[in-house]
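Please examine the sequence and the structure shown here before reading the briefing.

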Amino acid sequence: MGFRMSSVRPNEVRGLSKTKDPKKLYFFFVEGEKTEKLYFSELAKYQERNLDIEIKLMDRWTEDRGQSNQLKIVQSVEEYVESVKNLDDKTLVNLEENLQKIKSKLAEDLTIIEILTLFNKIDNLRKTGLVNVDDSFIDQINAIITTANFDNSYDEICIIIDRDKQSFKDDQYDTVIEIAQKNKYLIGLSNPNFEFYLNLHLNDLLDLNKGDIKKNSRKTRSKKFMEYALNEDMKKEGLTYSKQSYDCNFFFRNFFVGYQNSKHYDDSLEKLKDNIGCSIFKILEPIMRVTEQ
């Protein structure tokens with residue numbers, strides 16, 4: 001499925017960057033609702049990265065987000081982007097105008113007709129699965145409007161997932177690669193998980209048993225092998241790690257160290273199906289200015 005979210009070129013609808021080109025958008029759809037969400041939300045605010053690239057964290061795209069089945073996550077991204085593409089311009093403009101009124105606390109200026117029209121449009125979005133009744137109206141409409149600015153000839157859609165063999169079966173893995181290739185998605189995958197990616201910023205992990213890394217069994221009651229190893233290495237730096245709270249800027253500052261350490265492992269999706277490694281560093285190269293190191 002090929003798609004184009006905008007009928008005009010990016011430089012016609014976006015401000016120019018300091019290089020005189022329109023800012024490139026990277027849309028990050030993340031599997032985890034805590035660890036990965038925190039990382040990419042902080043990366044969007046990090047001032048030492050390439051600011052000619054704008055990061056959009058898409059954490060409100062579907063009611064299926066945060067589930068453990070990686071195939072369903074990728075399929076839901078595909079369905080979501082396609083559904084937004086199919087929205088007519090009038091609906092998008094109306095949603096954006098009313099969203100701005102509500103965010104500016106001007107909801108009292110909405111007429112009854114406008115409110116009823118908005119309600120009907122939102123209800124239609126609910127029926128198509130683009131919004132759900134349990135989450136923030138503003139967050140969900142923002143996600144739709146943001147996705148509508150996607151240009152597949154210029155921007156990138158990145159999906160961050162783990163290679164968890166317990167929930168990510170071999171045939172599902174193959175289907176994910178097919179979907180990614182068809183839509184030109186960038187898949188940031190870590191085998192076994194995101195903690196492996198983070199740990200490379202501190203350690204090349206060559207002293208750990210590869211079988212233990214890949215299996216990633218529970219080390220303690222609350223921590224699996226890689227999370228435990230990451231927390232131990234963080235302690236050596238005078239820091240601590242938990243899925244809900246950690247110093248993202250520490251990892252950003254040490255990104256090039258992690259990038260170099262990642263060279264000891266695989267980074268292609270085909271090889272990551274069975275081998276430990278990570279493709280996230282490759283995706284973040286232009287964002288973190290690796291070529292300038």
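Predicted model: local features only at pLDDT ≥ 70, side-chain atom pairs only at ≥ 80, totals over all residues.

Residues are numbered from 1 along each chain as its sequence is written, and side-chain values use heavy atoms, with hydrogens and water left out.

**Overall fold**
- The protein contains 14 helices and 5 strands; these are DSSP runs (helices H or I, at least four residues; strands E, at least two), numbered from the N terminus.
- Of the 293 residues in the protein, 47% are buried (under 20% relative accessible area, with exposed over 50% and partly exposed in between; 1.4 Å probe, protein chains only).
- Of the contacts (heavy atoms within 4.5 Å) between residues at least 6 apart in sequence, 75% join residues at least 24 apart.

**Nonpolar cores**
- A nonpolar core is a set of buried Ala, Val, Leu, Ile, Met, Phe, Trp, Tyr and Cys residues joined through side-chain atoms within 4.5 Å.
- The largest such core has 40 residues, and Phe 28, Tyr 39, Leu 43, Tyr 197 and Leu 284 have the most contacts inside it.
- Another core, of 39 residues, lies apart from the largest one and includes Leu 87, Leu 118, Leu 125 and Val 176.

**Helix H10**
- The buried residues of H10 are Phe 225, Met 226, Glu 227, Ala 229, Leu 230, Asn 231, Asp 233 and Met 234.
- Their cover includes helices H8 (194-199), H9 (210-215) and H11 (248-253).
- After H10 comes Gly 238, with a positive phi near 75°.

**Helices H3 and H6**
- The axes of H3 (residues 70-85) and H6 (residues 137-148) come within 9 Å and cross at roughly 75°.
- H3 is therefore roughly perpendicular to H6 (65 to 115 degrees; under 35 is roughly parallel, over 145 roughly antiparallel and the rest oblique).
- Tyr 80, Val 81 and Val 84 of H3 meet Gln 140, Ala 143, Ile 144, Thr 147 and Ala 148 of H6.

**Loop residue Val 133**
- Val 133 lies in the loop between H5 (112-127) and H6.
- Val 133 is exposed, at a relative accessible area of 68%.
- The C-alpha atoms of Val 133 and Asp 123 are separated by 9.4 Å.

Notes: Axes fitted to C-alpha atoms, helices over the stretch in contact; angles between N-to-C directions.
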